[in-house]
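Me: I would like to learn how to read a few features of a protein model. Please take them one at a time.

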Amino acid sequence: MMSNQELMIGQPFILRQGQSIKNRIVKSALSEALGTPDGKPTRELIKLYRTWSQANLGLIITGNVMIDRRALGEPGNVVVEDERDLGLLKEWATVAKSGGSDVWMQINHPGKQAIRGLNKETVSPSAIPFSAKMSAAFATPRELTDAEILELIQRYATTAAIAKKAGFNGVQLHGAHGYLISQFLSPYHNRRQDKWGGSAENRRRFVLEIYHAIRSKVGADFPIAIKLNSADFQRGGFTEEESLAAIQALDEVGIDHIEISGGTYEKPIMQLGTQKESTASREAYFLDFARKVRQNSQVPLMVTGGFRSLNGMEAALTSKDADFIGLGRIFAIEPLASKRLLSGQETNYQVKPLTTGFKFIDNFGSLEVTWYTRQMHRIGKGERPIPNENGLKSFLLDIKDKGIGILKTRQLRAS
Ligand SMILES: Cc1cc2nc3c(=O)[nH]c(=O)nc-3n(C[C@H](O)[C@H](O)[C@H](O)COP(=O)(O)O)c2cc1C
């Protein structure tokens with residue numbers, strides 16, 4: 001146990017426009033899949049955030065909220081494209097902030113990375129199919145037109161403005177993990193010849209235009225953040241060099257906060273980490289990359305993925321490789337984990353490797369999502385998480401839930 005007087009994780013942090021975040025522990029985005037089939041927040045979602053509001057977190061980032069109801073990432077996503085659910089969104093924000101944490105809404109468009117059959121079609125900068133292994137789950141997308149790209153940029157801005165009106169303290173763009181922004185950034189997924197593709201500068205245009213469109217709607221002092229990959233870990237994909245250049249460009253236009261992650265659902269490094277020795281010794285997967293970011297940029301930086309011990313978190317902050325510690329999965333099995341950490345104690349539970357007993361399922365990376373989603377659903381129902389739940393059982397039950405969710409979403413669209 002450490003004395004909490006000395007803990008870096010307990011120190012406040014002042015963002016560039018003066019907003020103070022009360023400590024350095026952040027709940028990173030965990031897609032809750034607790035929206036109704038037409039994208040409204042449910043009672044369970046609000047209850048889950050009531051629980052997390054008591055965790056004394058510096059910042060809570062919501063699971064990804066979709067900007068377009070034609071393009072869900074998975075059944076049960078909350079969708080914000082107009083003000084029809086403003087009352088519920090206000091309630092969600094109020095409850096989440098009630099313990100004194102700041103709350104940012106993560107906003108997203110999945111592009112091609114949406115479960116097959118869920119949406120009428122999927123779109124992406126280019127019509128590049130998935131690998132043979134992934135194409136059972138994800139269909140080949142249609143290439144976006146120039147007019148559609150412009151419309152999508154405005155949609156991000158509309159969603160961000162509604163988040164502000166509802167009382168969220170900021171927004172985070174999901175620019176990581178193989179979703180639409182990450183598809184634009186990647187030379188593998190983006191083969192366009194127009195101003196949205198080709199050079200790295202052209203591929204960055206989409207995210208920078210989104211930033212400007214949001215900024216013009218929310219004003220100078222509303223935090224706009226982004227979660228970005230250090231790399232896609234995919235041959236021909238977004239590399240560390242390109243990521244560093246993208247970070248510099250985002251820093252120059254005034255982004256308020258950058259969260260570093262990595263990988264895609266084709267290469268789920270964000271959940272499984274890399275095999276690098278330096279990662280094993282420092283536990284977090286992307287700290288080496290964060291150190292490289294620091295050489296050129298003083299942008300407020302958060303690193304997410306793999307943090308487990310208080311020592312590991314303290315070391316990352318003390319070395320100034322990170323300003324914030326992003327934690328994901330632990331909050332689905334121990335929702336108040338940050339309270340223990342802030343009092344100088346280790347968490348009660350640990351995020352451990354999961355298995356179904358079948359290698360091909362485990363390697364797919366989706367077990368991590370399905371298993372932890374079920375734990376969040378328990379908390380949303382007022383039940384306790386089951387940190388030792390059987391992997392295979394959880395995987396099969398989630399497939400059933402997802403199947404029902406897809407049917408309900410499609411039925412609603414048809415009616
Ligand atoms: C169930 C589940 C849902 C997730 N949903 C999102 C999401 O909506 N947006 C996002 O940026 N990352 C998402 N992630 C990734 C986490 O934010 C985080 O990057 C990852 O779990 C690694 O951090 P950890 O080792 O502390 O869990 C999700 C992860 C899990 C397990």
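Me: What share of the contacts in the chain with a separation of 6 or more comes from residues 24 or more positions apart?

Reply: A contact means heavy atoms within 4.5 Å. In this chain, 70% of the contacts with a separation of 6 or more are between residues 24 or more positions apart. The model is predicted, so local features need pLDDT of at least 70 and side-chain atom pairs count only at pLDDT 80 or more, while totals for chains, interfaces and linings use all residues. Residues are numbered from 1 along each chain as its sequence is written, and side-chain values use heavy atoms, with hydrogens and water left out.

Me: How many helices and strands does the chain have?

Reply: Helices (H or I, at least four residues) and strands (E, at least two) are DSSP runs, numbered from the N terminus. Here there are 15 helices and 13 strands. The radius of gyration, taken over C-alpha atoms, is compared with a globule rule of 2.2 Å times the number of residues to the power 0.38. The chain has 20 Å, close to the 22 Å that the rule gives for 415 residues, so it is as compact as a globular protein of that length.

Me: How are two packed helices described?

Reply: By the angle between their axes and the distance between the axes. Axes are lines fitted to C-alpha atoms, for helices over the stretch in contact, and angles run from 0 to 180 degrees between N-to-C directions. Helix 1 (residues 43-53) and helix 14 (residues 366-380) pack at about 90°, with axes 7 Å apart. Angles of 65 to 115 degrees count as roughly perpendicular, and helix 1 and helix 14 are therefore in that class. On the helix 1 side the contact has E44, K47, L48, T51 and W52, and on the helix 14 side M376, I379 and G380.

Me: Which residues of helix 3 are buried?

Reply: Buried means under 20% relative accessible area, exposed over 50%, and partly exposed in between (1.4 Å probe, protein chains only). The buried residues of helix 3 include I149, L152, Y156 and A163. Among the elements covering the buried residues are helix 2 (86-97) and helix 5 (200-218). Just after helix 3, G167 has a positive phi of about 110°.

Me: Where does H177 lie, and is H177 buried or exposed?

Reply: H177 is in the loop between strand 9 and helix 4. Its phi is near 60°, a positive value in a residue other than glycine. H177 is buried, at a relative accessible area of 7%. F233 also has a phi near 60°, but F233 is partly exposed at 31%.

Technical notes:
Parallel < 35°, antiparallel > 145°, perpendicular 65-115°, else oblique.
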